[in-house]
Amino acid sequence: MPFATEYLRQSVLSDFGKVFSMLPGEKILLVDPQLLKAIDRVATMSILRQLAVTKVFKIAESPPKADYERIAYIIPPEFSSCISVIKHCEVDQSKNIKRIRLIIFVPKETVAMKYLLESRGFLGRHLCTASLSLGWIQLDTDLFTLNLPTLFPDFYLYKDYCWPHYMGMELGRLLKLTSESDLAPMGCRIHAFGEASYAVAAGIRLYCIQSGLVNVDRKATTNEYSQSSYQSNIFVPNESTLTPTSSLRRLGSQSSSSSASLSTIATCPPPLVLIFSRDLDYITPLLVPMTFEALIHEVVGIELGQVELPPECADESTPQKQVLDSTKLHYYKDIRDVHISRVHSLLLDWRGKLQDSCGDLEMQLASYKQHTSLTSLHTIGGTKNTSNLQNVNARLGPLLAKRRELSFLLTCLEQVLYAMAIKERVEDLRTAQSLLLQSGSGGALAVGQIGIPSVDDDSESSTDRKRKSTPVSAGGPCGNLSDDINSLPMRLAMEWLTTHHGDHVIDGLRLLALNCVLHDGLGDELYEVMSRAVMHAAGQITFPMLEALRSLGLLCRRSKIPQVSSSKTSLGNNHPIDPQSSMLTNQTDNVTKNPSHALSRTVAKLKLTHRQKSRYNYLHHLLQLSNWNQANRHVDRTVVSPTYVYSGQHCPLVVRLLESVWSAGLLDSKFQSVKSDSSASEQNQVDFELIGQPQLIEALKRMGLSVEVATNLGLVNLCDPTLTAAGYQNDIFLTKNRPNAPPPHPLTLVSTGQPVVVAFPGGCTYGEVAALRFVATRRRWNLLIATSCMLASRDLLQQAGKAAMNVNSV
């Protein structure tokens, strides 16, 4: 295993011990309700008892009774949570009750929270504060989360670099403690795409400084440096056994030497790290995926890896709560990433096999009852019969566990199918998504055709195989769905906005946002009608949410996109804009400002103007975002493309970038073979999904990245991380000695068994997780996904709206 999580868990528990030691003696723990499940996943009650915690309660409006002299609070750094603690202090002060309090902010204390406590006069008077990072919560063997949904609105709306930088430091700790390579994180090949990813990369650099991997001065030793001004609040276990300077020397020698160090790199290569900013791909989190795990998250909900069914669905054979851990469940790993159309048949097949096993066990028990009398236990052969019964008992436990798991999965499938057929109207939703993708791609989307026979790959003709393996061609201009209010997607969105007593407002907004992202904005008339429908359905309270979505570029007019601040959209700061789109925008602005062009505006409303291509239109062709073969492939046949998650019509952008970056890293090497051991037919099917470097560079430019970043494929140089602390323009580096850092040339990648870490500042979806797992299996990677939070198709809109409303309420 290239990633071991034991040291990571020990590090978090060590942080627990350090923080709780600030309040010695027996104490009670008051936890914010939104942190209860996170605390439960990290530290059990037995661990808390070792830290002298006697009882755990939820934070209520009134403080606990006066018998408890020491209270520890675990709260997030939010205004409402801090006000609740202040109210407790005010009530105790009015009743002359003296307590000692410790407020633990998770994941860390912010300046705003400290100022709030100081302004109320409670900080320092029997009250102290501390920061506690729960670190990475393991959802599965290859999936970790920070449980930090506030990162998306705080950064992408308000440009607060605090949380991306914090994620970078935690990512550095993850690479250091889980990777088997001694070169991590300094020797990792890191590719960062997007503004948030640059802040995460800066956090990794700062972690390298604080953990002592790089010395500021050659004369300073490792122990002296650990006591310098760059003190770290992150505890790294067994760090004394690591020798940072020797690791750096080894990294430098391996980058410069030829065959002497190749065996060491091949046995334990450092991970390839790709950091993908969420604002580069808003399309994927707005689409509804079709895999089982993703639909469970959409319909039932998966909170920190745990599913909770409605009480009426649970009974003796079906648990109400279940942690989806593939290492402890028998069937879940084989079915989590399967298309929803195949789940029922697989579950029935497994249930039939389980019933056969139970029948054999019942027959064995019946034979024991017939051939064994009560007195036989006192004979010589009684010992043999007792051992046989023990073997039967050992077989009975796993069978019961499998039965409970199958009952739970069947209940989840029933909930998903009921919600998708009755509430969500899955056929209308899928049709609407396909029409929007078809319009955004300019008619080049891979769409399933009716009447294609479901045959095996071996019986296909060479003409059909060549046609199915051909990449999608460049589409024409975008369709008119961004202007047509009478289209099926917009009529469905209007129905959800105006009916169901406002229960489906967020679903209507999701279709509008998807239409806006695919076409680079909505038409003026369509935007006016839909925004009025939203405010009519939910009231004026939705106005801050609409403004937040406009600022993010998720719901805005096409003519107003250039006026949006570039730091708050997916275009990024000081990046070139598509000349065609800018020309169209200038023409639209001139038409709007000059009243003499009233006729031109009328013609534009009649959709008689020449339409331009959107950003998605270019990316769909450059990155091959849909797959004709997969779209026309029967669900029972073997999956050939990661686009199967979205029925062959969409591939997450991060998947294409990751495959291409890995391929480019192989091509740089003179001793690694690009070809794998797979058959020639498999190579022909997936070759066109490996994007060439010129196409990839052009796609990165279309995504709004600078020319330099696109040319280097987002490569981050960690050879001199001390520049993060002092800045590039500081004159102190003219007189100080630079550290012994590795050369700027990164290590090459291996073709088989390459450790790969994908980080998502802003969150990722289970659809992206399923697609990445498929690619990791195809390319034989050792994959690890690290995300700030897990997203459903509604979460981006809800997080942005919640953040905007909270700011206005404060």
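Rings of Phe, Tyr and Trp (its six-membered ring) form a pair if their centres lie within 6.5 Å; planes under 30 degrees apart count as stacked, over 60 as edge-to-face and the rest as tilted. By that rule, the whole structure holds eleven aromatic pairs. In one of them, phenylalanine 155 and tyrosine 161 have ring centres 5.1 Å apart and planes at 85°, so this pair is edge-to-face. Ring pairs also join Phe152, Phe155, Tyr156, Tyr161 and Tyr282 into a cluster.

The model is predicted, so local features need pLDDT of at least 70 and side-chain atom pairs count only at pLDDT 80 or more, while totals for chains, interfaces and linings use all residues. Residues are numbered from 1 along each chain as its sequence is written, and side-chain values use heavy atoms, with hydrogens and water left out.

Buried means under 20% relative accessible area, exposed over 50%, and partly exposed in between (1.4 Å probe, protein chains only). Phenylalanine 155 has 0% relative accessibility and therefore counts as buried, whereas tyrosine 161, at 39%, counts as partly exposed. Of the 810 residues of the protein chain, 52% count as buried.

The secondary structure of the chain comes to 34 helices and 17 strands. These are DSSP runs numbered from the N terminus, helices being H or I of at least four residues and strands E of at least two. Contact means heavy atoms within 4.5 Å. Among contacts in the protein chain with a separation of 6 or more, 80% are between residues 24 or more positions apart.

Two packed helices are described by the angle between their axes and the distance between the axes. Axes are lines fitted to C-alpha atoms, for helices over the stretch in contact, and angles run from 0 to 180 degrees between N-to-C directions. Angles under 35 degrees count as roughly parallel, over 145 as roughly antiparallel, 65 to 115 as roughly perpendicular and the rest as oblique.

The axes of helix H4 (residues 79-94) and helix H5 (residues 111-119) come within 11 Å and cross at roughly 25°. H4 is therefore roughly parallel to H5. On the H4 side, Phe79, Cys82, Ile83 and Ile86 meet Met113, Leu116 and Leu117 of H5. By class, this contact of H4 with H5 has seven nonpolar residues, no polar and no charged ones. Here Ala, Val, Leu, Ile, Met, Phe, Trp, Tyr, Cys and Pro count as nonpolar, Asp, Glu, Lys and Arg as charged, and the others, Gly among them, as polar.

Helix H1 (residues 6-20) packs on helix H7 (residues 162-178) at an angle of about 125°, with the axes 8 Å apart. H1 and H7 are therefore oblique to each other. Tyr7, Leu8, Ser11 and Asp15 of H1 make the contact with Arg173, Leu174, Leu177 and Thr178 of H7. The residues of this contact divide into four nonpolar, two polar and two charged.

Two single residues remain. Isoleucine 340 lies in helix H15 (residues 340-371) and is buried, with a relative accessible area of 11%. Neighbours within four places in sequence aside, isoleucine 340 is in contact with Met290, Phe292, Leu295, Leu413, Val416 and Leu417. Threonine 411 lies in helix H16 (residues 382-423) and is buried, with a relative accessible area of 11%. Not counting residues up to four places away in sequence, threonine 411 touches Leu309, Cys313 and Thr318.
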